[in-house]
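Hi,

Here is the structure I promised to pass on. Have a look at it first, and my notes come after.

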Amino acid sequence: MAQADFDVAVIGGGPSGATAANDLARRGLKVLLLDRAGRIKPCGGAIPPRLLKDFEIPESLLVAKARAARMIAPSGREVDMPVGDGPEGKGFVGMVDRDVFDEWLRERARANGATRITGSYERIDRDSDGMAVLVWREGRGGPDRRLRVRSVIGADGARSAVAKENIPGATDVKCVFAYHEIIKAPEPAVAADFDPDRCDVYYQGHLSPDFYAWIFPHGETASIGLGSAHKGFALRETTALMRKQVGLDGCETIRKEGAPIPLKPLKRWDNGRDIVVAGDAAGVVAPASGEGIYYAMACGRLAADSVYQFLATGKPAALKQARKAFMSKHGKVFWILGIMQYFWYSSDKRRERFVKMCADPDVQYLTWQSYMHKELVRRKPVAHAKIFVKDMGHLLGLSRA
Ligand SMILES: Cc1cc2nc3c(=O)[nH]c(=O)nc-3n(C[C@H](O)[C@H](O)[C@H](O)COP(=O)(O)OP(=O)(O)OC[C@H]3O[C@@H](n4cnc5c(N)ncnc54)[C@H](O)[C@@H]3O)c2cc1C
């Protein structure tokens, strides 16, 4: 039988693929990391401190640290949520610029032994012995190039071609369409309400009928944008309106860009043979928050583990472990956030009540602890019980806005 060119081909060099490639190269496998050239991933770039710890990311990649979030209700009522302290010291929401962050992750994988190729995935063929053949091209219109590979990780983002072509049921993923503009951060004197240490989150139906709008500080720049699952929603026009509303319409615009955010994990992540998908390609962005970077990396790591086991044992069933392990760790949080989004983001009346609820110190404590540490907090049962009672009161309309 002819040899394989690579043990694993990782398609896509975003946070998910670059993490998977790095982990597998470190474990001594022959890894190919294929990524398309050029486009910077449209992204707010907010990451939790836990990500730095779990994936050994230096703090020097952070362009800003937000110390609070401000929630803004339909009425204009503002609730500040200071991040508070964690066990590792003062808490924060870290901000990365995706061009720099993603390239750092890809280069780390290369430094640990992965082969980087810039090019575009075309399809997976099969050789006569059944082995997967990765077909890729250097540029548009270029010739097909072929590589024999023992396994494939599809980390090619939302609308993944690897998933659509190889994973049963991966055709229709529910998405929020997100759009943002990168602007030059205003001088304090120009926009008194912009705070370079704070994330602003707008829960206002005219800015997003079913998700939220945001302003995230990024040092010298800022990301201002919004999302909605409504196909016809005017994302660009509404962003312009928002910039006017918050007094940032005069700031220089550096980039305008958008992309879909998948909000539901696929029911299957593998093809039962030698392919597994990860990150946005597997649909693992948290509902309600749209947080995807941490989960893409966690998922990339689990996909890498499953491929490693598959190659060691020759048993394709090992690939199923990626989804199983991910859902057992994060499935509950995704489920709770899904219900939250469905209920609280559905009308201005409910959004108003939601923002009011965010003023509660117990809500703030649990929100930040689970965001920063990616675990449901078990240490404060009394806070959980209080929130449950309050939540029920709000859900049943017993509390007044
Ligand atoms: C506007 C917006 C704002 C967001 N803000 C945040 C935020 O603040 N915080 C957060 O945590 N998440 C945020 N997200 C979500 C987050 O960006 C994603 O969940 C995350 O990037 C997923 O990582 P990934 O590696 O799975 O996919 P991606 O980052 O999309 O990477 C996929 C990679 O695959 C490559 N690729 C695709 N097709 C091919 C092909 N045919 N051949 C070769 N390569 C290919 C692409 O070039 C890309 O490098 C936001 C998303 C959007 C759209």
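Predicted model: local features only at pLDDT ≥ 70, side-chain atom pairs only at ≥ 80, totals over all residues.

Residues are numbered from 1 along each chain as its sequence is written, and side-chain values use heavy atoms, with hydrogens and water left out.

Ligand first. It is surrounded by 32 residues, and the closest are Asp35, Gly44, Arg98, Tyr121 and Asp280 (a residue is near if one of its heavy atoms lies within 4 Å of the molecule).

- The side chain of Arg98 has an N or O atom 2.9 Å from a ligand oxygen.
- Tyr121 uses a backbone N or O atom, 2.8 Å from a nitrogen of the ligand.
- Asp280 has a polar side-chain atom 2.7 Å from an oxygen of the ligand.

Taken alone, the ligand exposes 1,000 Å², and the protein buries 92% of that (Shrake-Rupley areas with a 1.4 Å probe; for residues, only the protein chains shown count as cover). By class, the shell has 13 nonpolar, twelve polar and seven charged residues; here Ala, Val, Leu, Ile, Met, Phe, Trp, Tyr, Cys and Pro count as nonpolar, Asp, Glu, Lys and Arg as charged, and the others, Gly among them, as polar. Helix H1 (15-26), strand S11 (120-126), strand S18 (253-262) and helix H6 each give at least two residues to that shell. Helices (H or I, at least four residues) and strands (E, at least two) are DSSP runs, numbered from the N terminus.

Now the cores. A nonpolar core is a set of buried Ala, Val, Leu, Ile, Met, Phe, Trp, Tyr and Cys residues joined through side-chain atoms within 4.5 Å. Buried means under 20% relative accessible area, exposed over 50%, and partly exposed in between (1.4 Å probe, protein chains only). The largest core has 105 residues, and Leu51, Ile57, Phe101, Leu134, Ile153, Trp269 and Val277 have the most contacts inside it. Helix H6 (residues 293-313) brings the largest share, eleven residues. A second, separate core has 17 residues, including Ile183 and Phe194. Back to Phe101: beyond its neighbours within four places in sequence, Phe101 is in contact (heavy atoms within 4.5 Å) with Pro15, Leu51, Ile57, Leu61, Val96, Ile293 and Met297.

Which residues does Ser16 contact, leaving aside its neighbours within four places in sequence? They are Ala155, Ala278, Gly279, Ala296, Met297 and Gly300. Ser16 lies in helix H1 and is buried, at 6% relative accessible area.

Glu56 is in the loop between helix H2 (49-54) and strand S4 (64-66) and is partly exposed at 46%. Arg159 is in the loop between strand S13 (145-154) and helix H4 (161-166), and is partly exposed at 44%.

Cheers

Technical notes:
Polar contact = N/O pair within 3.5 Å; in protein donor to acceptor, adjacent residues only side chain to side chain.
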